Amino acid sequence: MSQQKNQQLEILRHSLSHIMMQALERLYNAIPAVGPAIENGFYHDFDCERQITESDLPKIEEEMKKIIKENLEIEKQEMEIGKGVEFLKNKNYRYTAEMAEDLKAEGEIKISFYKQGEFINMCKGPHLASTGKINSNSFKLTKLAGAYWKGDEKNKMIQRIYGVAFNDRKELKKYLKMIEEAEKRDHRKLGKELDLFHIDEKVGLGLPLWHPKGAMLWRLVEDFWHQEHLRNGYELVKSPHIGNRILWETSGHWGFFNESMYPPIEIGQTLKEKQKKQKVKESEEYLLKPMNCPFHIQIYKNSPRSYKELPMRWAECGTVYRFEKKGELSGLTRVRGFTQDDAHIICSADQVENELGRVIDFILYIFKSFGFDIGLINVYLSLRDSNKKGKYAGDDKGWEFTEKMLRKAAQNKRLNFIEEKGEAAFYGPKLDFKLKDCLGREWQCSTLQFDFNLPERFDMTFVNNKGEDERPFVLHRALFGSFERFIALLIEHYAGAFPVWLSPVQVKIISVSESHIEYCKKLAQEFKEKNIRTEVDEANETVGNKIRKAVQEKPPYILVIGDKEMNSDRLNVRDRGQRESREISKQDFITEVLGKINQKR
RNA sequence: GCCGAUGUAGCUCAGCUGGCAGAGCAAUGCUCCCGUAAAGCAUAGGCCGUCGGUUCAAUCCCGACCAUCGGCUCCA
């Protein structure tokens with residue numbers, strides 16, 4: 001779509017948001033808060049005594065259509081800011097009034113209002129010329145939500161209604177159909193259908209259990225990860241799941257990360273002693289690790305280091321635990337125990353630039369290997385919000401330097417990134433790569449974090465070529481982010497139809513009748529010895545039914561084995577996505593499958 | 001954690017205004033021995049998310065809690 005058309009659509013959506021607000025005011029005397037255009041539609045926040053429910057949406061839509069039909073002219077008016085604030089206060093538009101006051105505090109002199117019929121509110125605009133410009137069939141109110149005023153959970157929660165909007169009914173229908181299709185790719189749905197994983201209440205929320213096929217998928221991803229890291233000059237390290245409180249106090253997690261950490265485990269007695277309520281003799285507190293970095297740093301500190309050893313690139317698939325709020329948990333994309341494909345690069349100041357570049361290249365290579373086009377990935381440079389200094393460790397100078405270096409690295413690699421204030425980690429700025437799930441929600445996967453704080457806190461040093469102690473930098477980076485999240489996005493990306501090298505079952509063999517089962521098993525064994533993952537369906541069912549079930553499991557190849565195959569070296573292959581089968585010699589088939597396995601890029 | 005919706009068999013879902021809980025698939029057994037998207041018969045499977053309340057009687061009405069889903073906040 002052209003940029004101009006996009007802008008027009010954005011204006012239409014924004015105007016619709018005002019129309020919805022007008023309807024809400026007419027029907028329920030609601031007080032407006034913010035109401036922007038968003039991707040595919042709009043929303044409007046409002047405060048209202050009545051709790052709006054789903055059953056109210058048709059009525060609101062109807063009122064909106066009435067406003068469209070009234071064809072009210074939308075006019076812009078300007079006011080001196082003091083007068084504007086007064087005006088809004090008189091209307092009891094307390095949220096908009098507060099925003100106007102904020103603008104005033106920032107030194108704004110004038111503010112603009114948009115008026116349509118009896119409805120008038122402060123707004124930057126632009127808007128359509130009149131409400132009648134909108135096609136009544138081109139929008140739909142989709143969902144209700146609560147939202148904190150100004151996005152701060154300390155503030156009051158007000159109500160929000162989302163809508164989707166397009167130029168006409170056809171586009172709207174197309175979009176709704178697309179969403180319906182996308183929902184079929186949902187990893188939570190496919191995880192069940194393909195028997196990959198489940199989350200068990202008895203085990204705990206946000207702690208997924210991987211079934212054999214899911215665990216195989218994980219293993220394949222991890223094997224690839226491992227191989228590529230060795231090729232890229234990394235070494236592996238390994239660390240435990242819990243660490244002494246002192247470690248976390250040193251790292252700063254004890255103070256800066258305590259909202260996301262599980263409370264400590266008291267050590268100094270057994271469970272049995274605790275159950276008997278015996279007194280603890282010597283108590284130590286251990287914490288489940290929310291990050292791997294302090295362990296890697298302790299490995300570094302285990303012996304004196306020389307500049308000749310740098311850079312060190314230490315990687316670990318480390319399982320970490322974070323106590324996420326219940327309402328934030330979601331399938332595999334947001335869990336409480338997850339495995340990061342973590343690595344720490346410890347280097348000197350003059351090596352930083354090169355190392356940052358190498359990591360960016362590695363990230364892009366990994367995405368490409370799993371079929372994610374760079375165009376699908378949103379890149380963010382997450383910076384400190386210098387107004388909220390309590391949230392961050394370290395001095396201004398360090399932040400300025402690291403932010404500058406990271407920005408430069410991203411620019412050098414020609415990344416199309418967006419800068420976001422207030423999104424940095426507590427110990428440094430980061431470059432985040434986010435993928436969209438089937439419903440268009442963004443999830444951070446790769447991250448490259450530039451840390452100048454932990455080296456300080458842990459007093460990391462190396463001896464430079466002048467024989468002096470020097471402080472290294474630490475780059476934290478994850479390519480997948482977490483296996484759980486990345487695999488979730490992989491499942492959705494491929495809609496469960498994984499490329500041959502990633503398929504948990506590559507070849508599904510179906511026996512025509514009882515007499516062929518033995519041969520099928522023999523064939524399967526032969527494939528397995530060639531490292532082709534094979535499964536036989538020997539059920540007492542018709543071929544048609546077994547085909548049907550096999551197709552639902554989405555293996556790349558289905559073989560139907562009967563007399564014909566048993567008495568020759570030919571195989572009958574049905575490729576995924578094809579309704580027609582083909583014939584091929586066994587040898588050629590094996591060569592073909594092995595070729596596909598090696599084809600991963 | 002907050003706002004809203006939802007919760008019936010392993011899965012997908014029926015179940016009207018309160019009156020003994022239903023189907024298909026899957027499972028198990030038997031029959032059939034079959035060539036590219038559902039063979040036949042039979043059996044088993046339920047604390048209707050949990051706990052309270054109202055009622056002669058609750059899957060159904062009310063309340064609390066738990067979980068899931070969509071948002072908010074937070075985040076890999």
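Predicted model: local features only at pLDDT ≥ 70, side-chain atom pairs only at ≥ 80, totals over all residues.
Residues are numbered from 1 along each chain as its sequence is written, while chains are lettered from A and ligands numbered from 1 in the order in which they are written. Local features need pLDDT of at least 70 and side-chain atom pairs count only at pLDDT 80 or more, whereas totals for chains, interfaces and linings use all residues.

**Overall fold**
- The C-alpha trace of chain A spans about 90 × 70 × 60 Å along its principal axes.
- Of the 601 residues in chain A, 34% are buried. Buried means 20 or more other C-beta atoms within 10 Å of the residue's own; exposed means 12 or fewer, and partly exposed lies in between, with C-beta atoms placed from the backbone.
- Take contacts between residues at least 6 apart in sequence: 69% join residues at least 24 apart. A contact needs C-beta atoms, placed from the backbone, within 7 Å.

**Nonpolar cores**
- A nonpolar core is a set of buried Ala, Val, Leu, Ile, Met, Phe, Trp, Tyr and Cys residues joined through C-beta atoms within 7 Å.
- The largest has 64 residues, and L356, I363, L475 and I487 have the most contacts inside it.
- Helix α12 (residues 352-369) gives the most to this core, with eight residues.
- Another core, of 35 residues, lies apart from it and includes L12, A23, A30 and C123.
- Beyond its neighbours within four places in sequence, I487 touches L217, W218, V221 and L332 by the contact criterion.

**Helix α11**
- Helix α11 (residues 293-301) buries C293, P294, F295, H296, I297 and Y300.
- Their cover includes strands β12 (242-244), β15 (312-321), β16 (337-347) and β23 (473-482), plus helices α8 (245-251) and α14 (454-457).

**D537**
- D537 sits in strand β25 (residues 534-537).
- D537 is partly exposed because 19 other C-beta atoms lie within 10 Å.
- Leaving aside neighbours within four places in sequence, D537 is in contact with K508, I510, K546 and A550.
- K508 is 29 residues away along the chain, yet the two C-alpha atoms are separated by 7.3 Å.

**RNA surface**
- RNA strand B is surrounded by 62 residues, the closest being A145, G146, G327, G481 and G562. Near means a C-beta atom, placed from the backbone, within 6 Å of the strand.
- This surface has 18 nonpolar, 20 polar and 24 charged residues. Ala, Val, Leu, Ile, Met, Phe, Trp, Tyr, Cys and Pro count as nonpolar, Asp, Glu, Lys and Arg as charged, and the others, Gly among them, as polar.

Note on methods
Helix = DSSP H or I, 4+ residues; strand = E, 2+ residues; numbered from the N terminus. Contact = placed C-beta atoms within 7 Å.
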